[in-house]
Amino acid sequence: AYLREKKNKKINAAVFPVAGLGSRFLPATKATPKEMLPIVDKPLIQYGIEEAADAGITKMIFVTGRNKRAIEDHFDSAYELEAELASKDKRDLLRIARSVAPKGVEFVYVRQSSALGLGHAILCAKPALADEPFAVVLADDLIKGDTGAVQQLITASSNNEGPVIGLEAIEPHQSRAYGIVEIRERIGENVIASNMVEKPNPEDAPSNLGVVGRYLLPYEIFEVIENLPTGSGGEIQLTDALAVLARRDGVLGVSLQGQRFDCGSKLGYAKANIEYGLEHSEIGNNLRAYLAGLVG
């Protein structure tokens, strides 16, 4: 049943699927990973790492592909840069350069040789995981709130062993861009999902709740993925694997609190830069005045 008690309550690892080509952002992503595109002055992937670290996760597993070396370099030490900043006594910049990787965090990199879908990307992380539950963070979904989205899932999961997914209410016409949950029962603002459908037409969508890029998954998800037929787009879809578990035991869906920016789209990415820019200590006030002048 869904409410099995957890064998291991602590989520120690998070998987970051970052092998995608980012073709929607060409030419910017021709030689630069889309995960390294900045939101003001910090790359998108770093927000996801910080969110996971804030939730107590200490092992970050990147599922990478070709041309993703910049991600590895970003979280590595940059001796020449640090030496240059130290020699010029630029202490604030040196502190920033050294704080990119959260303290006590381990980084692991595995390759996804073929783009066979999100389910396949998760499967590629299996050798880097022990028999333990883990988080999945899709960096494209930047979620700005008082409490990080991963922490919200961990808090909501309580003692339950089954999968936990982040949800957001969507407009009917957006259903073709999401996995949509079928609701078995409601628990306050959260739900138990009895099924999931990948990118349905609006008239076929079982609810208005779309899955967004945060998951807590049990280790048994790998066995399910390994036995899946290919799904939407000829790919191995994580939604299909979750649907198997939902039909069997139910999946806990958590309505995430905070503002989500779809940074896989140009408009969502631009909005995120504006919102984060307005709160940035260096440029916030000037940016607000500039925007007021544009619309005044």
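Start with the rings: this structure has 10 aromatic pairs. Keep in mind as you click around that the model is a predicted one.

**Stop 1: two tyrosines**

Select Y47 and Y276. Their rings make an edge-to-face pair, with 5.2 Å from centre to centre and 70° between the planes. Y47 belongs to helix α1 and Y276 to helix α9 (residues 266-278), so this pair ties together parts that sit 229 residues apart in sequence. Are these two buried or exposed? Both Y47 and Y276 are buried.

K42 lies over the face of Y47, 4.9 Å from the ring centre. Over at Y276, the charged end of K144 sits over the ring, at 5.9 Å from its centre.

**Stop 2: a stacked pair**

Now pick F62 and Y109. The ring centres are 5.1 Å apart and the planes are at 10°, so this pair counts as stacked. Which strands do they come from? F62 is in β4 (residues 59-64) and Y109 is in β5 (residues 106-111), so the pair links parts 47 residues apart in sequence. Colour them by accessibility: F62 is buried because its relative accessible area is 0%, while Y109, at 28%, is partly exposed.

Together with F62 and Y109, they form a cluster linked by ring pairs.

**Stop 3: zoom in on F75**

Stay with F75 for a moment. You'll find F75 in the loop between α2 (69-74) and α3 (79-87). Why does F75 count as buried? Its relative accessibility is 7%, and buried means under 20%. Leaving out residues up to four places away in sequence, F75 touches I45, Q46, I49, F62, V100, A101, F107 and Y109.

For a sense of scale, draw a line from F75 to K271: the C-alpha atoms are 26 Å apart in space, and the two residues are 196 apart in sequence.

**Stop 4: the pockets**

Rolling a probe the size of a water molecule over the atoms shows where empty space is left.

Select R24, K34, L118, L138 and D140. Of the 44 residues lining the largest pocket, these lie nearest its centre. The space in there comes to about 1,500 Å³. What sort of residues line the largest pocket? The lining divides into 17 nonpolar, 14 polar and 13 charged. Next, highlight α5 (118-124), β11 (209-217), α8 (238-248) and β13 (259-262), each of which supplies at least two lining residues. β11 gives the most, with 4 residues.

Move on to the second largest pocket, which holds about 340 Å³ of space. Select D41, K42, Q46, I96 and S99, the closest to its centre among the 13 residues that line it. β3 (42-43), α1 (44-54) and α4 (91-98) are the elements that give two or more residues to this lining. The lining here splits into 4 nonpolar, 5 polar and 4 charged.

**Stop 5**

Most residues other than glycine have a negative phi, and most peptide bonds are trans. Here are some exceptions to look up.

- Go to L26 and P27: the peptide bond from L26 to P27 is cis, with omega near 5°. P27 is in the loop between β1 (13-17) and β2 (38-39).
- Jump to D89, where phi is positive, near 55°, though the residue isn't glycine. D89 is in the loop between α3 and α4.
- Finish at K199, another non-glycine with a positive phi, about 50°. K199 lies in the loop between β10 (190-198) and β11, and is partly exposed because its relative accessible area is 41%.

Key:
Residues are numbered from 1 along each chain as its sequence is written. This is a predicted model: local features need pLDDT of at least 70, side-chain atom pairs count only at pLDDT 80 or more; totals for chains, interfaces and linings use all residues. Side-chain values use heavy atoms; hydrogens and water are left out. Buried means under 20% relative accessible area, exposed over 50%, partly exposed in between (1.4 Å probe, protein chains only). Contact means heavy atoms within 4.5 Å. On a 1 Å grid over the protein atoms alone, a cavity is a set of points where a 1.4 Å probe fits but cannot get out, and a pocket is an open set with protein on both sides within 12 Å along at least five of seven lines; lining residues have an atom within 4 Å of a point. Grid points are joined across faces, edges and corners, and a volume is the space filled by probe spheres set on the points. Ala, Val, Leu, Ile, Met, Phe, Trp, Tyr, Cys and Pro count as nonpolar, Asp, Glu, Lys and Arg as charged, and the others, Gly among them, as polar. Rings of Phe, Tyr and Trp (its six-membered ring) pair if their centres lie within 6.5 Å; planes under 30 degrees apart count as stacked, over 60 as edge-to-face and the rest as tilted. A charge sits over a ring if NZ of Lys or CZ of Arg is within 6 Å of the ring centre and within 35 degrees of the ring normal.
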